[in-house]
Amino acid sequence: MAIERTGGATFARSKSAVPVASTWVTRADLLARLGQDPAAPLTVVLGPAGAGKTSLLGQWAATRDPCDVAWLTCDRGDVDARFWRAALRAVAAVRPGFGATCLDLLALDERVDHQLLECLLAEAEALDDPVALVLDDLHLVGPAVHDHLRFLLSRGMAQIRLLVGARSEPWLGLDRLRVTGGLVEVREADLRFDARAVRDVLRRLGAPADAHVVDLVQGRTEGWAAGVQLAGLALRDTRRRDDVIARLASSDAAARDYLWSEVLDAQPEHVREFLFDTCVAEVLTPALAAVLAPGSAVTLEDVERASLMLVRLDPAGTEFRYHQLFAELLRSRLSALDPEREAALHERAARWHDEHGRPAAAFRHRWRAGRRRDAIAGVQDGVLEAYADAALPVFDDAERVLTDDDLRASLQAAVGYASALLVQGFPQDADRLAARVAALAGESGPSGVLEASTRQQLWCVRALSALALGDTRATVRHGRTAIESGPGDDEWSALASAGVARALAWQGEEEAADETLRTAREPFGRAAQAEIAGTTAHVLLAQGHLERALGVADALAERMRAAAPASHDLRLHPEVVAASVHLERGRSSYAAGILAAAGEHVSALRLPARVLALLGLSRALWVQGDDDAFRVVDECRRLLRHAPTTSGLVDRVRARRARLLLDTGDLDGAASTMDAMSSPWLRRIVEAHLRLADGDLGRARATLENVERDARSPRRRLDASLVALALAQAEDGDIVDAARQVLARAEPEGWVLPLQEAGLASLDAVRGVARSRTVTPFVAALLAARPVTGARDLRVPRLTGPELSERERTVLGYLATSLTYPEIAATLFVSVNTIKTHAKNIMRKLGAASRADAVVRAREARYL
């Protein structure tokens with residue numbers, strides 16, 4: 001099997017090979033439709049399996065210059081970066097050098113973001129000549145790829161024309177393209193063979209093609225291409241022709257099922273035996289076929305020449321597969337007639353794949369051979385290292401059919417299989433399997449019949465599975481059992497410590513999380529090292545040590561990029577932490593793009609990191625005035641729908657929702673959300689803001705005292721000082737002193753977003769103090785920041801004119817002081833003319849007649 005490795009990903013060459021075009025039926029009308037508008041950005045060919053989509057696209061490609069057609073056959077593994085790496089490589093095969101910059105971006109972080117898509121558009125525009133990119137079987141790819149393609153089509157892909165083959169309508173904005181005339185469509189009804197096409201197929205197969213037979217075949221198959229071919233194969237056996245015709249004409253028979261059976265029964269015995277021997281393989285090569293059917297005189301080329309539903313995957317004839325429906329029939333027949341033979345064939349295939357370095361395929365065949373214990377034993381060793389290298393094969397989810405006897409025979413191997421399920425993103429299956437092993441082994445704590453290291457691995461799997469499912473309390477319980485169960489220098493012990501610390505941080509127990517990390521032994525494996533470092537960054541972020549959190553997160557992400565370019569999973573958490581730091585420092589637009597991409601991550605193992613990203617994204621959107629902040633919180637609630645109500649993750653989502661409800665004036669909704677929260681700290685913070693909002697200043701002050709008593713970390717102290725400032729404003733207290741305290745706590749770490757979220761009055765009070773200070777990057781960011789619009793600020797009218805740039809907002813902050821233009825210029829290290837230009841632009845955008853008028857209007861628009 002020919003393969004290519006590109007940027008850390010491995011692809012069979014057949015993935016980008018244009019399939020050999022069938023010449024049985026030339027679809028001149030449909031080919032004309034595909035070619036009628038070469039400028040149309042999108043062409044779709046839609047129909048069920050066996051409708052002839054790939055054949056039609058292959059025929060169309062054969063009419064073009066080979067240098068003008070790129071082809072990509074999609075599969076279920078094509079998600080995000082893998083899909084785009086394969087697509088870029090496909091285009092580069094006909095346009096050398098295309099996509100090099102995009103591939104470099106992918107190699108950096110495996111993330112498909114706005115920057116990458118803009119880069120792709122630029123490279124498409126730079127092409128000298130147009131190229132067609134055929135995406136066959138697009139229905140198999142994930143929704144994120146559809147979103148990327150829809151964005152590219154909305155912008156226009158310049159010199160690249162997309163042709164898509166799929167079983168269902170892709171989510172590419174077809175309605176908009178229809179309206180603009182940018183869409184060419186071929187649908188199932190168009191693909192159905194008419195009488196002439198049916199006659200041509202029957203004649204090509206040597207079957208009778210008189211008018212009666214043609215009408216009968218067309219009617220019973222409804223022009224379905226695969227059905228017509230099957231009917232022709234069945235009809236060419238003259239001894240059974242009358243029976244076939246009678247069965248086809250019978251209304252009480254399922255034509256398709258019958259046709260598949262007729263094709264098999266009509267074959268000579270030696271051909272039928274070859275079909276049964278080789279049907280167990282998903283992809284066939286001549287070498288594998290020889291192993292599965294030793295001594296057979298039949299070859300794959302013979303089957304192809306006999307038109308027995310064999311699909312050639314590359315022009316050279318090195319890879320083949322049976323038509324999906326035909327393969328299913330063969331396998332079901334084989335299983336029913338001779339299950340022992342089926343098992344032996346799977347075992348042969350497993351050995352062949354082992355010898356050729358394909359462990360995932362070997363696992364599947366060994367499992368299907370009934371050798372489940374051997375299959376799971378084969379994945380036990382090296383799970384974590386393979387995961388760190390992003391080289392872990394995808395194994396079947398076999399947990400549901402493992403019997404208790406299977407598990408008892410090899411409890412240690414079963415724990416290894418549970419570990420593989422976990423790191424592949426099946427935490428529910430992993431936890432269910434680990435729980436069964438624990439019950440069978442009498443494991444209810446740190447002692448039992450298992451070896452210490454296996455016991456530790458078992459409970460670590462349960463802990464990390466619980467965290468991936470959003471159950472922070474179970475994570476702490478199982479993780480502590482794992483830590484107590486085995487040697488402290490084991491890698492699973494380090495992973496358990498990381499899981500416990502992360503769960504504690506989500507629950508607001510940062511001190512306990514920090515203690516857990518300090519007592520953890522230094523791990524020796526890259527996966528555990530990455531988890532410990534990522535958790536350290538997370539805990540530092542939760543405590544409010546932004547600079548240290550950013551340093552740890554950036555160093556880890558860089559180390560992971562250098563060590564395992566393909567492992568996006570391990571880099572996700574530190575990248576989210578780093579983006580969260582930038583968000584807290586007021587860089588909401590920059591952080592939003594990273595957090596949005598992270599929120600779409602598909603691995604269930606990284607659910608906590610996704611929730612952290614989405615909570616940050618909600619804050620970034622809200623500070624930009626985007627109501628999608630509520631939708632993002634709802635997405636968090638959907639992700640955690642199976643998590644216990646006492647989960648720390650659930651509490652964080654509730655706290656975010658309560659804050660949004662407070663900002664929009666829904667005090668009853670905020671109170672109801674607060675009542676459901678388990679975390680005392682989060683409840684108190686929400687309650688303090690709620691009492692301030694409803695004017696109950698006495699209870700607000702009492703709550704503030706509790707908040708200040710528990711404020712033991714920099715972040716908590718900042719939250720307490722913001723509540724104190726709001727209370728001082730409500731009581732006409734010493735606002736300046738309270739604002740100084742907020743500034744003193746915010747400036748060392750560079751906090752900006754919490755001040756924006758505090759609202760116009762609080763932000764304005766803090767900026768009033770900051771304007772008297774030397775301009776630092778923090779002060780400049782603070783002066784340029786815009787407050788979140790809350791119910792407390794609804795009396796202030798919104799700006800309806802053009803937005804001010806970040807630099808203009810910085811200058812505007814100084815226009816509100818008594819500083820002269822030369823003094824402002826000296827403070828910002830720019831020329832006086834630059835300040836005057838900014839001032840003119842500010843007054844023009846605000847519709848102001850003077851500097852003083854601009855300040856008034858800016859306050860009305862909440863720029864100040």
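How many of the 10 residues of helix α44 (residues 806–815) are buried, and is the helix largely enclosed by the rest of the structure or largely open?

Reply: The model is a predicted one, and what follows should be read with that in mind. Helix α44, which spans residues 806–815, has 8 of its 10 residues buried, so the helix is largely enclosed by the rest of the structure. The buried residues are Glu808, Arg809, Thr810, Val811, Leu812, Gly813, Tyr814 and Leu815.

Once its neighbours within four places in sequence are set aside, leucine 815 is in contact with Tyr821, Ile824, Ala839, Ile842, Arg851 and Val855. Leu815 also belongs to the largest nonpolar core, which has 89 residues, and it is listed with Leu595, Val611, Leu640, Leu755, Val766 and Leu782 as the residues that touch the most other members. Helix α33 (residues 607–623) supplies the largest share of this core, namely 12 residues. A second, separate core comprises 49 residues, among them Ala207, Ala209, Leu275 and Phe320.

Helix α46 covers residues 832–846 and contains arginine 844, which counts as exposed because its relative accessibility is 55%, a value over the 50% cut-off. The C-alpha atom of arginine 844 is separated by 9.0 Å from that of alanine 854, which is 10 residues away along the chain.

For another helix pair, one may turn to α24 (residues 427–440) and α25 (residues 452–468), which pack at an angle of about 145° with their axes 9 Å apart. Their crossing is left-handed. On the α24 side the meeting residues are Pro427, Ala430, Asp431, Ala434, Ala435, Val437 and Ala438, and on the α25 side they are Leu458, Trp459, Val461, Arg462, Ser465 and Ala468.

Aspartate 137, in the loop between β5 (131–136) and α6 (143–155), has a positive phi of about 60° although it is not a glycine, and it is buried, with a relative accessible area of 18%. Alanine 158, in the loop between α6 and β6 (160–166), likewise has a positive phi, near 55°, in a residue other than glycine, but alanine 158 counts as exposed, at 51% relative accessibility.

Finally, the setting of these parts is a protein chain whose secondary structure comes to 47 helices and 9 strands. Buried residues make up 55% of its 864 residues, and the chain exposes about 35,200 Å², of which carbon and sulfur atoms supply 50%. Among contacts between residues at least 6 apart in sequence, 69% join residues at least 24 apart. The structure holds 0 disulfides; as for individual cysteines, cysteine 67 counts as partly exposed at 45% relative accessibility, whereas cysteine 279 is buried, with a relative accessible area of 0%.

Notes: Residues numbered from 1 in each chain as written. Predicted model: local features only at pLDDT ≥ 70, side-chain atom pairs only at ≥ 80, totals over all residues. Heavy atoms only, no water. Helix = DSSP H or I, 4+ residues; strand = E, 2+ residues; numbered from the N terminus. Buried < 20%, exposed > 50% of the residue type's maximum accessible area, 1.4 Å probe, protein only. Contact = heavy atoms within 4.5 Å. Areas by Shrake-Rupley, 256 points an atom, 1.4 Å probe, with all protein chains shown as cover. Disulfide = S-S within 2.5 Å. Core = buried A, V, L, I, M, F, W, Y, C linked by side-chain atoms within 4.5 Å. Axes fitted to C-alpha atoms, helices over the stretch in contact; angles between N-to-C directions. Left-handed = near helix turned anticlockwise from the far one by under 90°.
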